[in-house]
Amino acid sequence: MMKTVSVFDLLEEEHECPHCRSRLTLCHAPPIHVGDGLGWGSEYLFVCLNNECRLFVNGWKNIEDNYGHVGSYRYMKLPDSNESYNMMVAGKDAFTGCIVDPEAIRKADKRYQKEKEAVARLDSCVEENDLDPVLYLLLDDHVSLAVKKRAVALLKGLNDLACIEPLRNHNFRDSYLEQEINLAISAIMAAHYVKECPYCAELIKARAKLCKHCGKELA
Ligand SMILES: [Zn+2]
Ligand SMILES: [Zn+2]
């Protein structure tokens with residue numbers, strides 16, 4: 001999926017529209033519908049979004065005359081290639097939702113770097129009593145299920161009561177994951193001779209007959 005040229009490099013590149021000389025805008029390639037062929041072969045496209053562009057201005061009449069419907073053309077160039085196209089668009093807003101937002105890309109990249117760091121720490125986290133990477137990976141909804149399954153398998157070895165509160169407060173959408181987390185929490189509580197008060201959810205001694213937090217009597 002990742003191309004050799006990063007989106008950061010593409011954002012630096014300057015390409016000119018041959019029809020209007022304005023700088024092309026980096027856009028996410030729009031989703032391809034089944035039947036449209038092989039797609040663009042690229043996640044990104046450089047597009048001329050100048051509404052005064054000759055190609056775009058003249059395109060309306062051209063399409064009306066040739067196809068009998070409303071539309072025009074935008075000049076478009078594929079990154080890393082000499083291929084360019086005049087792409088048919090239904091209106092002037094066709095690409096405005098696809099413009100690459102450098103800030104959003106930077107944020108996503110930062111998040112991904114953080115995830116990579118956390119994954120790298122998994123190997124040694126049990127011997128170092130390092131709960132943080134496991135919690136981070138389990139609680140971040142962007143992390144893949146495969147990585148979360150690796151993280152959840154380490155909970156019992158970490159045997160840290162501090163994991164219970166944040167995990168209990170998180171809504172896990174995957175039922176397998178939720179079940180594994182519940183099993184790990186039960187094992188950790190048993191290893192520490194504690195249980196959760198059924199009334200106030202605070203951790204108390206497994207032998208307690210009375211909750212020291214809420215005062216309720218326990219069966
Ligand atoms: Zn142009
Ligand atoms: Zn209680």
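**Notes on the predicted model**

1. The model is predicted, and these points should be read with that in mind. The secondary structure of the protein chain consists of eight helices and six strands. Starting at the N terminus, the order of elements is α-β-β-α-β-β-α-α-α-α-α-α-β-β.

2. On overall form, the radius of gyration of the protein chain is 27 Å, whereas a compact globule of 219 residues would have one near 17 Å. The C-alpha trace spans about 85 × 35 × 30 Å along its principal axes. Of the 219 residues in the protein chain, 18% are buried.

3. The domain assignment divides the protein chain into domain 1 (7–98) and domain 2 (102–190). Their C-alpha centres are 42 Å apart. Taking contacts in the protein chain between residues at least 6 apart in sequence, 48% join residues at least 24 apart.

4. Which residues have the most contacts inside the largest nonpolar core? They are Tyr44, Leu45, Phe46, Val47 and Cys48, in a core of 17 residues. At least two residues of this core come from each of α1 (7–12), β1 (25–28), β2 (44–47) and β3 (72–77). β2 supplies the largest share, four residues.

5. Neighbours within four places in sequence aside, Phe46 is in contact with His15, Leu24, Leu26, Met76, Lys77 and Pro79. Another core, of 13 residues, lies apart from the largest one, and its members include Leu137, Ala151, Ile164 and Ala184. In soluble globular proteins, nonpolar side chains tend to be buried together.

6. Helix α8 (residues 175–191) passes a simple length check. Its 17 residues, at 1.5 Å a residue, should span 24 Å, and the end C-alpha atoms are 24 Å apart, so the two values agree.

7. Which residues of α8 are buried? Glu180, Ile181 and Ala184 are. These residues lie on the same side of α8, because they cover an arc of only 100° around the axis. On the other side of α8, Ser175, Gln179 and Ala190 are exposed.

8. The cover over the buried residues of α8 includes α5 (145–152), α6 (155–158) and α7 (164–168).

9. A last point concerns the residue Tyr193, which follows α8 and has a positive phi, near 55°.

Conventions. Residues are numbered from 1 along each chain as its sequence is written. Chains are lettered from A and ligands numbered from 1 in the order in which they are written. This is a predicted model: local features need pLDDT of at least 70, side-chain atom pairs count only at pLDDT 80 or more; totals for chains, interfaces and linings use all residues. A nonpolar core is a set of buried Ala, Val, Leu, Ile, Met, Phe, Trp, Tyr and Cys residues joined through C-beta atoms within 7 Å. A residue is buried if 20 or more other C-beta atoms lie within 10 Å of its own, exposed if 12 or fewer, and partly exposed in between; C-beta atoms are placed from the backbone. Two residues are in contact if their C-beta atoms, placed from the backbone, lie within 7 Å. Domain bounds come from an automatic or database domain assignment. The expected span of a helix is 1.5 Å times one less than its number of residues. The arc is that of the directions from the helix axis to the C-beta atoms. The radius of gyration is taken over C-alpha atoms; the globule rule is 2.2 Å times the number of residues to the power 0.38.
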